[in-house]
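Here are a few exercises on cores and sheets.

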Amino acid sequence: MTRNSRSGFTLVEILVVVAILGVLAATISIAALAMMGNARRTSTDVTIKTVKMMLDARWKEVQDEADKDVRPDAILTQAGGHPERAKLLWRKIRLLEAFPVNYNEINNCYASGFTSLITQGKLRRYNASYRRALAARSGGSPNWVSESSACLVIALAGQNVNLDQLDANVIKDLDGDQLKEISDGWGKAIAFFRFPTNYPPLQNQKPNAPSPNPLYDPTWTGRSAFTTQIHKLDPGLYTVPVLVSGGADEQLGLTPNVSAPFDTLSVSSATHVEDNRFSFLIGGAP
């Protein structure tokens, strides 16, 4: 009588098992990567919403402070003798000083034009502390994204906004220049736009204006200077500060006009834009 016995697995059986383990490993890896991506996205959204709340609160306070200022006589002259336009113009100038978007603005923003009015003694409220913070800069390789992010950190800290409520891994030096930026979940700087224009999805968030804005009056002789020094003026334009993360592909799809007034945005990559995380799309008010 013959008895068959097996002391091990056949090659085919081993290959089947290896294939099954490979499929399981791939499935687990994909699930793990998806979970990691979701965690980074959630972390980024939380950071953007938290910083935007800080920014919005301080943004309003700066405007309220501007309304209480004794404005220079030159402001009313620049506004064409229109009191309400002078009030709005002064708000814009104050916001421009309070929230720089690059290092050059901190160092040289007030040489001419509307902003030169800030240099009149006590009217320059924030710039001195910003310059002291910028003096710590050394080396590194900053670009327009990291500069805008670092400037927002400098501005909020310089205006006594408590950043301690943010995770320690959020505020850190990302470009090696000894200045801290705001990091998203992928370890990249979150970009800050002060008066962004020319981006339709943002314009679509515009609420109904309660009354005509005198800054947009086409007969105002100072309109041209405003558009070259502060931001573009188009009918119905909606300008609010915006924070943007590059998202999972770590690439911003928007490019600003990197010279003054640093406002007009252009889409440099529609693919990257789709992956970007915008403060006005994450939830809450723009």
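**Exercise 1.** Find which members of the largest nonpolar core touch the most other members.

*Solution.* Start with the term: a nonpolar core is a set of buried Ala, Val, Leu, Ile, Met, Phe, Trp, Tyr and Cys residues joined through side-chain atoms within 4.5 Å, and buried means under 20% relative accessible area with a 1.4 Å probe, protein chains only. Here the largest one has 50 residues, and Leu89, Phe99, Leu152, Ile182, Leu215 and Leu243 touch the most other members. Next, look at who contributes: α1 (11–68), α3 (83–98), α4 (103–108), α5 (127–134) and α6 (144–158) each give two or more residues. Of these, α3 gives the most, with eight. (Helices are DSSP runs of H or I, at least four residues, and strands are runs of E, at least two, numbered from the N terminus.)

This is a predicted model, where local features need pLDDT of at least 70 and side-chain atom pairs count only at pLDDT 80 or more, while totals for chains, interfaces and linings use all residues. Residues are numbered from 1 along each chain as its sequence is written, and side-chain values use heavy atoms, leaving out hydrogens and water.

**Exercise 2.** Work out the strand order of the open sheet and what packs on it.

*Solution.* The order is β3-β4-β7, with antiparallel pairing; strands pair if DSSP finds at least two bridges between them. β3 (191–193) and β7 (277–278) each have a single partner strand, so one side of each lacks a neighbour in the sheet. Then zoom in on β4 (residues 242–245), which pairs with β7 over two bridges. Val244 sits opposite Phe278 in β7. Finally, α6 packs on the sheet and touches β3 and β4 (contact: heavy atoms within 4.5 Å).

Methods. Axes fitted to C-alpha atoms, helices over the stretch in contact; angles between N-to-C directions.
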